[in-house]
Structure formats: structure tokens, C-alpha cells
Amino acid sequence: MIVGVIGAGQLAKMMALAGLPLGMTFVFLDPASNACAGVAGELITGAYDDPALLRELAVRADVITFDFENVPEDSISALSDRVACLPSARALGVSQDRLREKTLFNEIGIPTAKFAPIDSLADLESAVAVIGLPAILKTRRLGYDGKGQVMLLCEEGLAAGWEAVSGAPSILEAVVPFRRELSVIAVRGRDGETRFYPLSENTHRDGILRIAASRPGDQATDEARELVSRLLDELDYVGVLALELFDTESGLVANEFAPRVHNSGHWTIEGAQTSQFENHLRAVCGLPLGDTSAVWDVVMLNIVGEVPETAAMLSVPGAHLHLYGKEARPSRKVGHVTVRSVDGVELDTAVRGLLALPGLG
């Protein structure tokens with residue numbers, strides 16, 4: 001089985017590392033000639049919308065997937081006429097536009113914060129009168145790791161906020177008072193079979209995920225699975241999907257979804273019977289899905305901006321290191337560490353030890 005992947009970042013790399021033992025081979029398309037997944041397969045260098053390269057990928061691959069949601073929707077649509085391309089162009093397109101995404105959530109009964117489309121400063125002023133402040137102004141497209149977002153605290157700051165997003169089509173969202181941030185990761189096969197991983201409880205700083213801890217048996221599990229099931233069925237989805245949620249006093253509120261393997265599920269490599277990466281490949285290739293149950297108490301910590309000494313990380317009991325092979329720079333995810341233990345006290349101690357290191361704290 002030859003798997004084509006549009007995008008060759010760390011998600012594609014970890015996907016390939018999961019697929020190689022299954023006898024799969026990989027060909028990637030990415031604009032960067034040094035993209036980190038290139039070590040795990042053949043790398044075609046070029047634009048994501050290059051017609052000739054897309055045709056080449058369609059001829060060479062048995063199935064095509066992607067590793068991030070900023071791949072052009074038109075590229076996936078074009079490929080789908082020639083070869084199985086999963087998840088679908090529709091799922092990708094909805095995830096790329098916050099207005100489409102939130103509108104779909106509401107149409108299928110997934111709760112969200114109050115929101116309004118914003119195309120001008122006048123729209124922003126009108127929306128604030130209804131939604132109130134504080135609120136968050138977000139560009140409809142291309143936001144990631146906190147980019148393209150502005151917190152609005154007072155009416156005097158509206159003009160500056162609109163200028164900060166460069167007048168791009170946006171949405172205004174009410175601030176959700178939440179107790180914690182969660183994500184539910186699910187996988188759906190070509191035949192509609194669906195399996196769910198334990199919830200991840202997530203900690204962000206400056207819009208970037210820093211810590212994800214598995215929460216088997218969490219009290220919000222049933223509600224989260226019901227919500228993500230609605231989305232999977234509506235999209236007739238195939239592959240792994242992550243739905244990010246706020247846990248509030250009145251229940252779960254959806255933030256956004258990712259039509260791909262997700263950072264908050266990296267703990268599944270060591271902490272689940274079948275990792276999210278292997279299950280994504282099983283799903284898109286039409287293979288039986290693997291067991292998603294947790295086998296350990298697990299915490300994943302992202303390495304952001306700089307990489308600590310390898311020896312310092314591996315000296316922590318239960319630590320498993322994943323470096324992506326990317327050049328370190330501020331706010332960039334360059335790796336992660338997973339720690340696992342059957343003893344919660346030991347796990348807490350290990351996490352504290354890792355948080356004391358640069359790039360992890």
C-alpha cells in the first residue's frame with residue numbers, strides 16, 4: 001500500500017513511522033525541501049496546488065491523506081476524482097473556515113460560544129453590542145497556535161483589534177468561562193465503524209498546547225463522544241478527527257475541530273493499544289480499526305522553541321522522547337515528551353521534573 005500525504009511535517013512523519021511496520025510506503029508533497037517527514041519516505045517538493053505534482057501523486061499513491069488543514073480544498077477535490085482521498089474535501093473545507101465550522105456545529109446541535117461574522121469595523125461594533133465584551137476576534141482562515149486572534153476588552157480597542165487582523169474576514173466569539181480544556185479524538189473507518197480514545201485534558205499557554213493528559217473514564221466522556229459522533233456522521237468522515245472542547249458549568253462547548261491526527265493525541269503512541277497515527281492509516285486504507293483503550297496513565301508535554309539536553313529528558317523515569325528534526329525557533333513545536341506510569345504520584349513527579357527544563361516549562 002502506497003500512501004500519499006500532502007504535507008510533510010511532524011504529523012506526517014509520525015504517521016509514516018506508524019505505517020512502515022504495516023508494510024506501507026509513503027510519498028509526501030511539501031513546499032519545503034527539508035520537511036522533516038522526508039526521512040520516512042519519498043519527498044516531492046513543490047506547491048500544494050501544483051497540478052502536475054498532484055497528478056503525479058494521484059498516479060503513484062493508492063490512497064491520499066493530509067497532515068494539516070491548510071491544504072487547499074481545491075487540491076483535495078481535484079485528487080478525489082482520480083484516487084481515494086480521505087478525509088474528504090468537504091471536511092477539510094469546513095475546518096478551514098471558522099464561520100462555516102461554527103455554523104455547521106450549530107446546525108447539528110453542537111453547542112458553541114455566541115459568534116457573528118465580521119467583514120468590517122461597523123460589523124464588529126454591531127456584533128459587540130449583541131455579544132458583549134470581553135470577546136475574541138478571530139480571522140476566519142489560517143489561524144493556528146493562537147495566530148490570527150485578538151482579545152477585545154473594551155469598546156475603545158475595537159478599531160485597533162480590527163487593524164490587528166488586517167481587515168481580514170473574521171468572526172467575533174464570546175469568551176467562554178471554562179473549567180478546563182478537553183479534546184476528544186475519534187477514528188471512523190470507511191464502513192462507518194467508529195472508535196474513541198479517552199479524553200485529553202489540555203493546557204495551553206500563549207495559544208500553544210503545552211500539556212495533554214489522558215483521562216480514561218472522565219465524567220465528560222459520554223457527552224464528548226456524542227458530540228463528535230454527530231460531526232463524524234454529518235461529514236461521512238473517514239480517518240482520525242479531533243474535536244476541541246471547553247468544559248463549562250452548563251456542559252461542553254465546542255471550540256474547533258481538526259480533520260487529522262492531533263497534537264493532543266500524541267500520548268497515544270505510548271499510551272494506547274493503537275496510536276492515533278496507526279488508526280488513521282487503518283481507516284483511510286480500509287483496514288480494521290485498532291483498539292483505542294489506554295494502557296497507562298499518560299501525560300504528553302510539547303517541546304516549544306528550544307530543545308533541552310537529551311540526557312536531561314531521558315533521565316526522567318518513564319519518559320519517551322520524540323524529536324521532529326525541525327530547526328528550533330521561538331514558539332515552534334520541535335518535539336514532545338510522553339511520560340507514563342501506573343502510579344499517579346510517580347507520574348506527577350516526572351511531569352514536574354520535565355517542566356523544569358527549558359522548552360518544556
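This is a predicted model: local features need pLDDT of at least 70, side-chain atom pairs count only at pLDDT 80 or more; totals for chains, interfaces and linings use all residues.
Four strands make an open sheet in the order 6-9-7-8, and the pairing is antiparallel. Strand 6 (115-118) and strand 8 (149-152) are the edge strands. Each of them pairs on one side only. On average, neighbouring strands of this sheet are turned by 25 degrees against each other, direction ignored.

Now follow the bridges. Strand 6 is joined to strand 9 by 4 bridges. Here Pro117 stands opposite Ile171 in strand 9. Strand 9 also pairs with strand 7, over 5 bridges. Another 4 bridges join strand 7 to strand 8. Leu137 takes part on both sides: Leu172 stands opposite it in strand 9, and Val150 is its bridge partner in strand 8.

## Strand 7 under cover

How many residues of strand 7 are buried? The count is 5 of 5. In a regular strand, side chains alternate between the two faces of the sheet. Both faces are covered in strand 7. Ala135, Leu137 and Thr139 are buried on one side. Ile136 and Lys138 are buried on the other.

## An enclosed helix

Why is helix 4 described as largely enclosed by the rest of the structure? Because 7 of its 8 residues (89-96) are buried. These are Ala89, Ala91, Leu92, Gly93, Val94, Ser95 and Gln96.

What do the buried residues of helix 4 pack against? Their partners include three helices: helix 3 (73-80), helix 5 (98-107) and helix 8 (221-235). Strand 4 (63-66) and strand 15 (251-258) are partners as well.

## Salt bridges

The structure holds 18 salt bridges. One of them links distant parts of the chain: Asp236 and Arg188 are 48 residues apart. Their closest N and O atoms are 3.1 Å apart. Asp236 sits in the loop between helix 8 and strand 14 (239-248), while Arg188 belongs to strand 10. Asp236 is exposed at 55% relative accessibility, but Arg188 is buried at 9%.

Other pairs sit within one helix. An α-helix has 3.6 residues a turn, so residues three or four places apart point the same way. In helix 8, Arg230 and Glu226 are 4 residues apart, about one turn. Their closest N and O atoms are 2.9 Å apart. Arg230 is partly exposed at 31%, and Glu226 is partly exposed at 40%. In helix 10, Glu278 and Arg282 are also 4 residues apart, with closest N and O atoms 2.8 Å apart. Glu278 is buried at 17%, whereas Arg282 is partly exposed at 21%. Elsewhere, shared partners join Arg179, Arg180, Glu201, Arg215, Asp218 and Asp247 into one network.

## A buried loop residue

Ala272 lies in the loop between helix 9 (268-271) and helix 10 (276-284). Is Ala272 buried or exposed? At 9% relative accessibility, Ala272 is under the 20% cut-off, so it counts as buried. Beyond its neighbours within four places in sequence, Ala272 is in contact with residues including Tyr197, Trp267 and Val295. The C-alpha atoms of Ala272 and Asp291 are 7.8 Å apart.

## A nonpolar patch

Met151, Leu153 and Val175 make a nonpolar surface patch of about 290 Å². Val175 lies in the loop between strand 9 (170-174) and strand 10 (180-188). Val175 is partly exposed, at 35% relative accessible area.

Technical notes: Residues are numbered from 1 along each chain as its sequence is written. Side-chain values use heavy atoms; hydrogens and water are left out. Buried means under 20% relative accessible area, exposed over 50%, partly exposed in between (1.4 Å probe, protein chains only). Helices (H or I, at least four residues) and strands (E, at least two) are DSSP runs, numbered from the N terminus. Contact means heavy atoms within 4.5 Å. Patches are made of residues with over 30% relative accessible area and no salt bridge: like charges are joined within 9 Å, nonpolar side chains (Val, Leu, Ile, Met, Phe, Trp, Tyr) within 5 Å. Accessible areas come from the Shrake-Rupley method with a 1.4 Å probe; for residues, only the protein chains shown count as cover. A salt bridge is a side-chain nitrogen of Lys or Arg within 4 Å of a carboxyl oxygen of Asp or Glu. Two strands pair if DSSP finds at least two bridges between them. Axes are lines fitted to C-alpha atoms, for helices over the stretch in contact, and angles run from 0 to 180 degrees between N-to-C directions.
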